[in-house]
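Hi everyone, thanks for coming.

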Amino acid sequence: MTSTTARVPVAKTYKIYIDGKFPRTESGRYFALKDSSDSIIANVCLGSRKDFRNAVVAARKAFAGWSSASAYLRGQILYRIAEMLEGRHEQFVSELVTQGVGRRAAKKEVEATIDRLIYYAGWSDKYQQVFSAVNPVSSSHFNFSVLEATGVVSIIAPDDSGLLGLVSNIAPAIVGGNTCVVLASEKLPLSAVSFAEVLHVSDVPAGVVNILTGHREELTGQFASHMDVNAIIVTDNDVVKDVQISAAENIKRVIARADTKWGSDSAQHPYLIQDTQEVKTTWHPIGS
Amino acid sequence: MENQNKLAFNDGWQYAPAPESTDHIRIDKQYELFIDGDFSAPDEGRYFETINPATEEPLSSVALATSSDVDRAVKAARKAYKGPWSRMKAAERGKYIFRIARILQERAREFATIESLDGGKPIRESRDIDIPLAAAHFFYYAGWADKLEYAFPGRTPKSLGVAGQIIPWNFPLLMASWKIAPALACGNTVVIKPAETTPLTMMKLAEVIRDAGLPDGVVNIVTGAGETGAAIVDHPGVDKIAFTGSTNVGRIIQRAIAGTGKKYTLELGGKAANIIFADAALDQAVEGIVNGIFFNQGHVCCAGSRLFVQESVADEVVQRLKERMETLIVGNPLDKNTDIGAINSASQLETIESYLKIGQEEGAEMYQSSCSVPDRGYWCRPTIFTGVSQSNRIVQEEIFGPVLAIQTFRTLEEGITKANNTPFGLSGGVWTDKGSKIFKMTQQIRAGVIWANTFNKFDPTSPFGGYKESGVGREGGLHGLGAYLRLEA
Amino acid sequence: MSLIAVPDSSRMPDLSQVPHVDEVGVKERVARFQTRSIKKESKIEALHMVLSMIDLTTLEGQDTPGKVRQLCQKAIHLHDSMPGLPHVAAVCVYPTMVGVARKALGDHDIGVASVATAFPSGMSSRQVKLDETRLAVAEGASEIDMVISRGAFLQGEYGFVFDEIAAVKEACGDAHLKVILETGELGTLDGVRRASVLAMHAGADFIKTSTGKIQPAATLPVTLVMLQAIRDHFFATGQMIGMKPAGGISTAKLAIHYLVALRETLGNAWMTPEWFRFGASSLANDVLMQLQKQATGIYQSADYFSKD
């Protein structure tokens, strides 16, 4: 007896990524991502403030270890992420296409993302050399200024760039030793979840990157107000003012990157690393 | 004053031989020159042997490059420079260099084993230090390829052209990475000559470069001895010379390129002062002494070969040092327990032994550890000389072996004066628990690398190079880039 | 030359003369111990040495005579199907179990070590600590493992700590005294070095790293620092002092690293159970599995080795 039905594919469940695990949103809510002909592509987790709270706890826990890892190790891990993404090239291209991006543009985006990871991997053991200083103070002291990671960084990823915009903000933050909680694009959320899978196989310690999907209108306020977040990166001009007001409560550093063309080479540079770094200056006497 | 209470290290539980396996490595019977992306026979058809200094057995036959071969290599390098290499986007160039790093990591054990066979250093050193550091240098400089404008504020960096590079036998693969990685990252192409006693890991590196798909002619390898090196130095098609080796040869090179406009960097000899204050963490300082002069058989340009111990703790330090020397295992480089391997060559052993003789003739007191050494091969036991001062030849001249000259000092100022009382200026060591003293010493010692409470530490991000007759220029770190670039306003 | 300990502060060492310790340097030296490759006959010899140096330990609130008897049974019969095995050095129990242990071990040449002095915290009065010590000795303990008062040490009350050790030593009578420094609470390697010197001058026959009740317990860095203190004490006085790392050593591989550290710091004279012990419970079975693997060439399963 022969069968004429085609093979039934097994669809992926899109969850969120917190503390190195893939839970569903604790709220149990979802939103349906639809394509241009209004058919459902996937049900996507509608992340809640509690998910965000849990993610910040995870990010804070991971910070001590990640920020004290050697620059060499962080660089090696970023290379690994690039390697793992390169290996999944086709998957990411077709996922962008499913979300409505043209095939040529999708291919360009995936390749630019891989190269951007390589770019920042190469900065891991160099930005300190470019931005630090030994200061010739007038007293008999050895005085040096170094950069240090600011801590837990919350990121509202660009809504228009599902993969490249996302990674262009994550990479400079984590290569500098920060940990982060990221709100994926609402329009193009799937690549972020799949990118979490890539992070997961790349020796990135649990909690260093946490990725949520959900409604920006609901969650941006949380990302901006949480007292244990040290800096927030915003990529949408409309919310900058409100974010700055909320962020002021704990003098959170607000980094506005709304007008960047993420596809351009000028969208990658070491000042994006410096944005989430503090400067620490130490004095020590020179004498016998 | 010798202490009556002695520890016994030589009986009882011993470590059985734990040899590294050589089944998984491949050394060809003969190696050709690597020019323009492929292996080719030398024009004059001559070869030389490379031997295993631990057994005196021949390992392989290696091509001898003469000036016509060097000429071919430079032409290939020039062609690659004008062609694919300079036209390529910097980020893509960087990715080629990453590939070299990756493949080295994948083939690490093979490289480490061959390095120990060819040069005599213990497998533990080549496995744990040489090969990982070499890969790390390629990783580090790969990342600079597309970021050079950030290293030179107010200037536009441009590549130079063809770099001619000559490296020594004490850290063969590591020295190759120190030279090749920054040269390529800055957009240059390379003609490089390994030392004649240690060509093999360079020939394996040629395989890696080929497997990494680098365009033909970007890296060219010409094997040979002094004459081959001279041919590189003299070739008008070479824009920049990088040399690591003895001060004597450095002098010859500097004279040879005078007036040619060639850029050059020289990493030459040293006779570093390792200075221990009474308030140092003494056990760790003793470990630092051992690390500074005995590991890698003392074949280290920045070796801490002049020890200065503050007089109030001198006896104690020397006793602890002698005890520690008794636990050092000298022997088969492929044994994983070996601490100190074979002297690199018969001629180097002759040099060391002549200094041992000179030291004794000068009236110094010689002490050697009591370990056994194998019958065949070139060996020198860890040796210390006491009863010496700055006027001894063994204190002034570089011996390049596991031989330490020990003096005492009384004050910080005396320590600084004696440390600087040398034509060399490569490195120095300071051991004290007091931070302000560290900074005062590092401020006043005239040397390019100063280790405080540590010794012989290397990292691709950390610049290395000498003052005075120890050379000119820096390798490693951001400061290592400038040598391979023209900085346009 | 033995050190007769009396509670007399004139024997207090000048702790300001104790050498400083550089943590990074210590860790680098330790790393070289860990890359020693111990194979073939030297591995078998090492595994036998480890077995002979074990103080088989049970120190749980839920210990009962039954549990202690089973432990003693294991001490005597490590793995009878493998001939030629040495026996462990001692069992280590709480004072109220000493009698049970001594009876269970009978005439076998295995010591009974007892913890005492309000183990593991040491937070009790001098009188209680001495009484407990005497109780354990009277019950048949040949070795006493005491804890130092870490709070007093961290406050700089070195005289108090010294006097306490000296008093316990006196209460030990003929029993040997091991002094537990609880290195995990001392903060720095400098502290470990100072505590070692203090304990040795006050009458310790052995200095011991840990109670095993907190993390970190024994580590190679603190062990190296303690071995170096023992070495310097030997140079200065000619007296040998024993050393015992305890807690966290559950694999044969790690135990062999400790033997390497011992051998390369103190040399052959210390490589016997008289001068070096491992405070461990599950270590013995891992050593037995390694010995079996050496003999047969086959990797072993825990199912084949008794858990008592």
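**How the chains meet**

Across the interface of chain B and chain C, the search finds 20 residue pairs in polar contact, both residues at pLDDT 80 or more. A polar contact here is a pair of N or O atoms within 3.5 Å; within protein, one must be able to donate a hydrogen and the other to accept it, and residues adjacent in sequence count only if both atoms are side-chain atoms.

Some housekeeping before I go on. This is a predicted model, where local features need pLDDT of at least 70 and side-chain atom pairs count only at pLDDT 80 or more, while totals for chains, interfaces and linings use all residues. Residues are numbered from 1 along each chain as its sequence is written, chains are lettered from A and ligands numbered from 1 in the order in which they are written, and side-chain values use heavy atoms, with hydrogens and water left out.

On chain B, H4, helix H9 (282-293) and H10 each supply at least two residues of the side that touches chain C. Helices (H or I, at least four residues) and strands (E, at least two) are DSSP runs, numbered from the N terminus. By class, that side of chain B has 13 nonpolar, eleven polar and 16 charged residues. For the classes, Ala, Val, Leu, Ile, Met, Phe, Trp, Tyr, Cys and Pro count as nonpolar, Asp, Glu, Lys and Arg as charged, and the others, Gly among them, as polar.

The contact takes 40 residues from chain B and 39 residues from chain C, contact meaning heavy atoms within 4.5 Å. About 3300 Å² is buried between these two chains, and carbon and sulfur atoms give 47% of that. Buried area is the accessible area (1.4 Å probe) that two parts lose on being put together, summed over both.

How many salt bridges does the rule find across the interface of chain B and chain C? Eight, where a salt bridge is a side-chain nitrogen of Lys or Arg within 4 Å of a carboxyl oxygen of Asp or Glu. One example to look at is Asp339(B) with Arg32(C), at 3.6 Å from N to O.

**The other interface**

Now chain B against chain A. Here the contact takes 25 residues from chain B and 24 residues from chain A. The buried area is about 2100 Å², with 61% of it from carbon and sulfur atoms. On the chain B side, Lys147(B), Tyr150(B) and Phe439(B) lose the most area to chain A, together 29% of what that side buries.

The rule finds three salt bridges across this interface. Arg102(B) makes a salt bridge with Glu83(A), and their closest N and O atoms are 2.2 Å apart. There are also eleven residue pairs in polar contact between chain B and chain A, both residues at pLDDT 80 or more. Helix H2 (90-106), helix H4 (123-144) and helix H14 (435-444) of chain B each supply at least two residues of the side touching chain A, and H14(B) gives the most, with six residues.

Of the two pairs of chains in contact, B and C share the most contacts. Chain A and chain C do not touch, and their nearest C-alpha atoms are 15 Å apart.

**Inside the chains**

Over all chains, the search finds 79 salt bridges. Within chain A, Lys12(A) and Glu197(A) form a salt bridge at 2.7 Å, N to O. Lys12(A) lies in the segment before strand E1 (30-34) of chain A and Glu197(A) in helix H7 (residues 190-200) of chain A, so the pair ties together parts that are 185 residues apart in sequence.

Finally, a sheet in chain B: it is open, with seven strands in the order E14-E15-E16-E13-E12-E17-E18 and mixed pairing. Two strands pair if DSSP finds at least two bridges between them. Strand E14 (365-368) and strand E18 (449-452) of chain B stand at the edges with a single partner strand each, so one side of each is left without a neighbour in the sheet.

At one end, strand E17 (residues 427-431) of chain B runs parallel to E18(B), joined by four bridges. Gly429(B) has Trp451(B) in E18(B) as its bridge partner.

Thanks, and I'm happy to take questions.
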